[in-house]
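This note sets out several points for a colleague reading the model. The points follow the order in which they would be checked on screen.

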There are 2 protein chains.
Amino acid sequence: MTNEELLAIAALNSWKLVIGRFDQRVAALTDEQFQKQVAPGKNRLFYLVGHLTAVHDRMFSMLDIGERLHPELDEPYITNPDGAVTDPLSASDLKKAWTEVNSRLTAAFESFTPQDWLKKHTAVSDEDFAKDPTRNRLAVVMSRTNHASFHTGQAVLTK
Amino acid sequence: MTNEELLAIAALNSWKLVIGRFDQRVAALTDEQFQKQVAPGKNRLFYLVGHLTAVHDRMFSMLDIGERLHPELDEPYITNPDGAVTDPLSASDLKKAWTEVNSRLTAAFESFTPQDWLKKHTAVSDEDFAKDPTRNRLAVVMSRTNHASFHTGQAVLTK
């Protein structure tokens with residue numbers, strides 16, 4: 001492997017590890033546990049899974065790798081706080097959406113060359129990207145990986 | 001910047017962002033808030049700061065970049081669960097240790113070339129590293145960055 005490939009693969013492995021850990025946590029939940037709050041008055045696990053699915057689903061357009069799969073999750077899990085909107089999907093359908101979104105993203109990331117990782121994301125203009133080439137796809141995926149870790153730390157508190 | 005540099009800088013920026021966010025959270029705490037548990041029966045913020053400081057302090061030897069600064073934090077914050085051992089440092093001394101450890105690590109990371117990031121960490125043998133060159137310093141720092149995000153997600157619950 002080249003140095004460029006080794007540097008890029010670290011980010012891919014980090015993403016896969018974090019998603020895998022959250023997967024384990026989600027897969028082990030009964031529907032009842034899925035409704036538990038991570039702490040008194042805080043988000044339900046159900047909300048966290050909806051939130052991460054919606055945020056990850058938005059990466060398809062942000063990274064220019066296809067159409068998003070679940071735009072219906074933005075309103076209940078990004079725009080609004082937990083409890084404001086009725087859950088649009090059942091627990092099992094939400095788990096399916098979570099798996100589907102992340103599987104497709106991971107497949108796309110696995111096909112990226114180092115140069116693909118360094119392409120600009122779509123939320124930055126050509127002009128701004130020319131000034132700051134660190135605003136690339138890699139930065140987005142590393143940010144989302146940290147964000148997923150952040151919420152995994154909350155999800156494990158219900159154990 | 002070369003592609004290699006751009007790929008490495010994404011990891012450095014990710015580390016700095018996550019540490020900066022936890023810093024903000026820690027700096028804003030009164031001594032009383034510092035003793036709060038993140039959820040009923042879970043770790044205190046104090047413990048989380050001790051834990052992250054100890055885990056990060058261990059990176060000096062793991063990355064072969066110098067001597068660790070606070071070995072006294074391992075027993076209370078890594079080996080034992082919260083409450084088992086008396087806190088060896090005051091709140092303000094622990095905050096200082098946290099800042100000192102991370103500042104020195106960040107300075108070392110800022111001096112790394114892409115090739116430095118790809119060197120093996122000290123917990124892997126030459127033989128195993130030859131088989132799997134992804135077991136490098138970059139993988140360690142990305143893992144610690146995710147770990148810090150994980151506990152930041154818990155720390156914000158006391159807000």
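How many salt bridges does the rule count over all chains?

1. Salt bridges. The model is a predicted one, and over all chains the count comes to 20 salt bridges. One pair is A:Asp74 with A:Arg58, whose closest N and O atoms are 3.1 Å apart. This pair links distant parts of the chain, 16 residues apart. A:Asp74 belongs to helix α5 (residues 74–79) of chain A, while A:Arg58 sits in the loop between α3 (45–57) and α4 (59–62) of chain A.

2. Charge across the interface. Between chain B and chain A, the rule finds zero salt bridges. Polar contacts are present there: 10 residue pairs qualify across the interface of chain B and chain A, both residues being at pLDDT 80 or more.

3. Extent of the contact. Chain B contributes 34 residues to the contact, and chain A contributes 34 residues. The area buried between chain B and chain A is about 2,900 Å², and carbon and sulfur atoms give 70% of that area. On the side of chain B, the residues that lose the most area to chain A are B:Leu7, B:Asn146 and B:Leu157, together 22% of what that side buries.

4. Elements and composition. Three elements of chain B give two or more residues to the side that touches chain A: α1 (3–27), α7 (114–117) and α9 (137–155). Of these, α1(B) gives the most, with 11 residues. By residue class, the side of chain B that touches chain A divides into 20 nonpolar, 11 polar and three charged residues.

5. Symmetry. Chain B is superposed on chain A by a rotation of 180° with 0.0 Å of shift along its axis, at an RMSD of 0.0 Å. The two copies are therefore related as by a two-fold rotation axis. In chain B, the C-alpha nearest the axis is that of B:Phe150, at 2.1 Å from it. Both copies use the same surface, since 100% of the contact residues of chain B recur in chain A.

6. Aromatic pairs. Over all chains, the structure holds 14 aromatic pairs. One of them joins B:Phe22 and B:Trp98 in a tilted arrangement, with 5.0 Å centre to centre and 55° between the planes. Here too the partners come from distant parts of the chain: B:Phe22 is in helix α1 of chain B and B:Trp98 is in helix α6 (residues 91–111) of chain B, 76 residues apart.

Terms used: Residues are numbered from 1 along each chain as its sequence is written. Chains are lettered from A and ligands numbered from 1 in the order in which they are written. This is a predicted model: local features need pLDDT of at least 70, side-chain atom pairs count only at pLDDT 80 or more; totals for chains, interfaces and linings use all residues. Side-chain values use heavy atoms; hydrogens and water are left out. Contact means heavy atoms within 4.5 Å. Buried area is the accessible area (1.4 Å probe) that two parts lose on being put together, summed over both. A salt bridge is a side-chain nitrogen of Lys or Arg within 4 Å of a carboxyl oxygen of Asp or Glu. A polar contact is a pair of N or O atoms within 3.5 Å; within protein, one must be able to donate a hydrogen and the other to accept it, and residues adjacent in sequence count only if both atoms are side-chain atoms. Helices (H or I, at least four residues) and strands (E, at least two) are DSSP runs, numbered from the N terminus. Ala, Val, Leu, Ile, Met, Phe, Trp, Tyr, Cys and Pro count as nonpolar, Asp, Glu, Lys and Arg as charged, and the others, Gly among them, as polar. Copies are superposed by least squares on the C-alpha atoms of residues with pLDDT of at least 70 in both. Rings of Phe, Tyr and Trp (its six-membered ring) pair if their centres lie within 6.5 Å; planes under 30 degrees apart count as stacked, over 60 as edge-to-face and the rest as tilted.
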